[in-house]
Amino acid sequence: MAPLYDIAVVGYGPTGLTAASLLGRLGHRVVVCERWPGLYGLPRLTHIDDETARTVQAAGDADEALRDSSMCEYVWVNGKGETLVTIPANPNGPMGYPDHISMYQPYVESAIDERVRGHGTVDVRQGWAVTGLDQDDDGVTLRLRGWNAQTTRADGPHDEVRARYVIAADGSRSGVRELLGVGREDFGFNEPWVNVDTEWLRPQPPEFAYGKQYCDPARGHMTINIGHTRQRFEFALLPGETREEMTEPETAWRLLREYHGLGPDDVRITRQLVYGFEARIATRWRTGRVFLAGDAAHTMPPYLGQGACSGIRDATNLAWKLHLVLGGQAPDALLDTYESERRPHVTALTHAAIGLGKVANTHDPEAAAARDAAFFAGKVPPPRPFPPLSDGVLRKEAGTPVGTLTPQGRIRLADGRTERLDDLTGYGFTLVAAEDPTASLGPERLARLERLGCAVVALDTVDDLDGRHREYLHLLGAVAYLARPDFILFGTAVDTTDLGALVDDLDAALSGTVGAAV
């Protein structure tokens, strides 16, 4: 019998890396099964938001991961270069990072991978493809074969691993999803674009230090900085253009010269391939003990920059719930809230990305002119804020933003050390109170919080350097708030007498009893 792990993670891209690191951090025995022999080493994603950067902080060394990154504004223009809409960037987002960040994916993956290998409880098995699986009441057995990178076939030796649960983060062509027989809903968006990644051979010109989407009916195209030293260019394929033609180096140089005046003296091409931008969501995300996550569960067009961010949210949502179930702190039914919480959020972002994609892929000149007129007349509403969670592990509260994100500021301790809040509290539940809640909670509730791994931060005993957490309490009209490990607001306490009920409702939510939405 193969050795039993707590969790098997299939796939070692951003979603799998994050899941493996967070679960390893929580002390679980994890095995990673990845068919390729090493990290990808090239950027697929180029943008993350401040929520995702905060997760990178939990999963790896954020400063190392973001060492070549920059704040990224995004401008949409028409075929004449006239601005349709500008999506500004805030250098100091509520999560403690800029709210739009251009970054170099290999640095992020390497930083998380280094943390994964330092946990001591995670086995990373690269060069192994999952070819079969069997489930029973106690776990899942994965059948493996060695992956031949030269032939791109699983024709090597056989092996097996066994785990109590499996996270399938093996991409849009997920083999695990196919083995489970799970279909996908296709939202009907399919647009082929050629991607050309480059490195600057000279200092990055200021006009390339942000993202720009050219909504030109003649040929949609875009460019976005990848930190300070690299640049991505993308071009829509026109009717009659083939994948083979568009991946020829001469084609890339022709497009770079025609649309941006760039040549081999300016940039070096590091990657060129054709992507099919699509929008599909798996019909179910859980089959017994196996969970789909990231692109295996959902894909969306790139126009919001939320594809990888959504996969990383999946990992953070699953990790803490698996931790509680594996530790006997919650029933298996808690894991059903993974899909009920994440699916509506992903679906809303997918529809928003499709809407922006239609703007970028308007090929008819008359339709493009009407589109431009609507923008100039102010008839196009701004993008909606990301939706809050409305179901799952949340306290039932009227008039409070339960289900939205909680902030992270800098905290100075009594000994003079300065920490980001999460570096002080760790990856887990966090109770932030204006004053020491010990007396109000009592020993029994404090013990319950300790069993859940909940950190307690009393703002009267530390220096809230940015004033961010006191300001947030004032906004909530509360004396304390309780945040989930994925930074979501679970609930608030309006006064010290409500603190005990807040902890009791967390217990109820996790156990699936009354008192909170589950």
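Let's start at His47, which stands opposite Ser102 in strand β7. Keep in mind that we are looking at a predicted model. His47 belongs to a pairing in which two bridges join β3 to β7, residues 101–102, and the two strands run antiparallel. If pairing is new to you, strands of a sheet pair through backbone hydrogen bonds, either parallel or antiparallel.

β3 and β7 are part of an open sheet of three strands, in the order β3-β7-β4, with antiparallel pairing. Which strands stand at the edges? They are β3 (47–48) and β4 (70–71). Each has a single partner strand, so one side of each is left without a neighbour in the sheet.

Look at β23 (residues 430–433) and β26 (residues 480–483): four bridges join them, and they run antiparallel. Within that pair, Ala433 stands opposite Ala480 in β26.

What packs on this sheet?

Time to step back to the whole chain. It has 14 helices and 28 strands. Along its principal axes, the C-alpha trace spans about 70 × 60 × 40 Å. Is the chain's radius of gyration what a compact globule would have, or what would it be instead? For 518 residues a compact globule would come out near 24 Å, and the chain has 24 Å, so the two agree. Buried residues make up 55% of the 518. As for the surface, the chain exposes about 21200 Å², and carbon and sulfur atoms supply 51% of that. Among contacts with a separation of 6 or more, 71% are between residues 24 or more positions apart.

So what is inside? In soluble globular proteins, nonpolar side chains tend to be buried together. In this model, the largest nonpolar core has 114 residues, and those with the most contacts inside it are Trp76, Leu142, Leu322, Phe429, Leu431 and Leu510. Helix α8, residues 307–326, gives the most to this core, with nine residues. Take Leu322 as an example: leaving aside neighbours within four places in sequence, Leu322 is in contact with Ile7, Leu23, Tyr165, Ile167, Phe291 and Leu335. There is also a second, separate core of 15 residues, which includes Leu459, Tyr472, Leu473 and Leu476.

Thr251 sits in helix α7, residues 249–260. Is Thr251 buried or exposed? Its relative accessible area is 8%, and the cut-off for buried is under 20%, so Thr251 counts as buried. Beyond its neighbours within four places in sequence, Thr251 is in contact with Glu245, Met246 and Gln272.

The other one is Arg173, in the loop between β11 (153–168) and α5 (175–180). Arg173 counts as exposed because its relative accessibility is 78%, where exposed means over 50%. Arg173 and Ala297 are 124 residues apart in sequence, and their C-alpha atoms are 10.0 Å apart in space.

Technical notes. Residues are numbered from 1 along each chain as its sequence is written. This is a predicted model: local features need pLDDT of at least 70, side-chain atom pairs count only at pLDDT 80 or more; totals for chains, interfaces and linings use all residues. Side-chain values use heavy atoms; hydrogens and water are left out. A nonpolar core is a set of buried Ala, Val, Leu, Ile, Met, Phe, Trp, Tyr and Cys residues joined through side-chain atoms within 4.5 Å. Buried means under 20% relative accessible area, exposed over 50%, partly exposed in between (1.4 Å probe, protein chains only). Contact means heavy atoms within 4.5 Å. Two strands pair if DSSP finds at least two bridges between them. The radius of gyration is taken over C-alpha atoms; the globule rule is 2.2 Å times the number of residues to the power 0.38. Accessible areas come from the Shrake-Rupley method with a 1.4 Å probe; for residues, only the protein chains shown count as cover.
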